[in-house]
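Hello,

Here is the structure for you to look through. My notes on what was found follow below it.

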Amino acid sequence: MTTHSMLDIALNDILRVVTPLQEDWNIRFAIINDIRSIVESVESLRGATVEPFGSFVSNLFTRWGDLDISIELSNGLHISSAGKKQKQTLLGEVLKALRMKGGGSNLQFIPNARVPILKFKSNRQGVSCDISINNLPGQMKSKILLWMNKIDGRFHDMVLLVKEWAKAHKINNSKAGTFNSYSLSLLVIFHFQTCVPAILPPLKYIYPRNMVDDLKGVRADAENRITETCNASINQHISNKGRSINKKSVRDLFVEFLGKYAQMDSWASNLGICPYTGQWEQIENNTIWLPKTYSIFVEDPFEQPQNTARSVSAGQLKKISEAFSKSYSFLSSNNHNLNSLLTMLAPPHVVKSITGIQNYNGSYFHPTQPKVQRVMRPPPQLQHHFQYASPGTSSNSSASNGHMQMPRGINFSIPSSNGHMQMPIGTNFSIPSSNGYIQMPRGTSFNIPSSYGHMQMPRVTSFNIPPSNGHIQMPRGTSISSSSSNGHVQNPRETKKPRGTNFNNASSNGHVPVNKGQQMWRPKS
């Protein structure tokens, strides 16, 4: 077995182990509901909403990842603002409610942090949770990181691998004077901007202003402006046929990542990392970074000139630099095997999960998760506490008209090996609008790239469409493509359809009949 193939196997096995399963998503949704119940019991937080952000929203979390929650205060349609003192007081009230209801353990209140935070471990599998107040900037940053996957899916894998590697070397802990996960994600972005050819553009071409400055006024309007700008920029970048395409493997990109930052302690006092411009910046020439001095500067491209690596201490910078250089030298040599690679690349609990199976020799596979299946994006959850907003879709689907609007050309792809959108028994799709329509303008495409293309819905799957007429409207030109041998849209027994719901006069045998003049594409079997 060659060195390259061993490294490929090790990296792929790590990704398979750390990538969240459906149960990991479900647990976090349940925790969000738990926190919502606690917040609703606090009188001073009446009308506040509980909204996730961070790696959970950007789909960059692992099975053991924490959960970031923002309590957004009520201010009508406008973005709410609160001073640090008010945030400290309100988090103190939440702390009392958590203690009374026994909602978690290891409660820790950090009132004097730049952003006051309440930390605790949930009773649901010990997931660590961080609660803050009015962290709308954090929510929007998380969404933009999510959208980076639309440009290149290798970004998702690289971030997960880099975070696991950093944990293995104990350099992913801001409290201990090393990098936080957001800084590591930005280091990956910068690497993708500065590799040859570049994979990602400077982020000023994604959003040309300081994003946090534009979060003002009516919340829905501000979010939509940012979303539409990012959507247009990303689509323009993708459609640029003249750009060079980087075809390097994740393996090669990972090794180059380590090499790029291997001498970090030698240049960190002079050069800053600026994902906004996609360039190394001379610190002494960048007036907005002065006069503050840090061990290393990784600028927040969406909240300039904040330094996301401000927690890195001078003493720990040397340790960080050594971790990069030693790992780079090790992976560039031929003196390793699978076990030594895993020890270098992942923390002990991940290594144990991989090697703790009988006769392990690479190509780990989870007993409850097919080897070829990895969740690359959040499952379709239409729940009011979490909106999976891709560029061009509104993050506020609970608007007055209740439409889930998808502009022309938006593509929903399910990139699994068999293409199923699997929904366990009891899965509920709730559309809590006044009229309940799912509106899909002309040209909207549902792409199910599987071998047979079924959208499988087990018994008792419920589609809850609560309006009076219950129609799902699909304007002219909407394409439902089924690549199956029979081309059926299958409705298993006990699939629930509310009274008045119109499924295009589906017949008793579950087929969708084609009316005169209606076109449905069905490939040959």
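This is a predicted model: local features need pLDDT of at least 70, side-chain atom pairs count only at pLDDT 80 or more; totals for chains, interfaces and linings use all residues.

Ser58 sits in helix H3, residues 55-58. Leaving aside residues up to four places away in sequence, Ser58 is in contact with Ser142, Leu145, Leu146 and Asn149.

Next comes Asn59, in the loop between H3 and E2. Asn59 has a phi near 60°, which is positive although the residue is not glycine. Asn59 also counts as buried, with 2% relative accessibility. A positive phi is likewise found at Asn134, near 50°, in the loop that runs between E5 and helix H5 (136-151). At 11% relative accessibility, Asn134 is again counted as buried. For context, most residues other than glycine have a negative phi, and most peptide bonds are trans.

Two cis peptide bonds should be noted too. The bond from Val196 to Pro197 is cis, with omega near -10°; Pro197 is placed in the loop between helix H7 (181-194) and helix H8 (219-239). The bond from Gln304 to Pro305 is also cis, with omega near 5°, and Pro305 belongs to the loop between strand E7 (279-282) and helix H11 (314-332).

On the sheet: five strands make up an open, mixed sheet, ordered E1-E2-E5-E4-E3. Strand E1 (49-53) and strand E3 (104-110) are its edges, each pairing on one side only. From one strand to the next, the twist averages 25°. E1 and strand E2 (residues 67-72) run antiparallel and are joined by five bridges. Within E2, Glu72 is the residue opposite Thr49. Helix H2 (residues 22-40) lies across E1, E2, strand E4 (117-122) and strand E5 (128-133), at about 35° to E2.

Last, the nonpolar cores. The largest has 78 residues, of which Phe155, Phe179, Phe254 and Phe324 touch the most other members. Helix H1 (residues 3-18) supplies the largest share of this core, nine residues. A second, separate core has 31 residues, among them Ile31, Ile35, Val42 and Ala48. Phe155, from the largest core, touches Leu60, Leu145, Met148, Asn149, Ser185, Val188, Ile189, Phe192 and Leu200, again without residues up to four places away in sequence.

Regards

Terms used: Residues are numbered from 1 along each chain as its sequence is written. Side-chain values use heavy atoms; hydrogens and water are left out. Two strands pair if DSSP finds at least two bridges between them. Helices (H or I, at least four residues) and strands (E, at least two) are DSSP runs, numbered from the N terminus. Axes are lines fitted to C-alpha atoms, for helices over the stretch in contact, and angles run from 0 to 180 degrees between N-to-C directions. Contact means heavy atoms within 4.5 Å. A nonpolar core is a set of buried Ala, Val, Leu, Ile, Met, Phe, Trp, Tyr and Cys residues joined through side-chain atoms within 4.5 Å. Buried means under 20% relative accessible area, exposed over 50%, partly exposed in between (1.4 Å probe, protein chains only).
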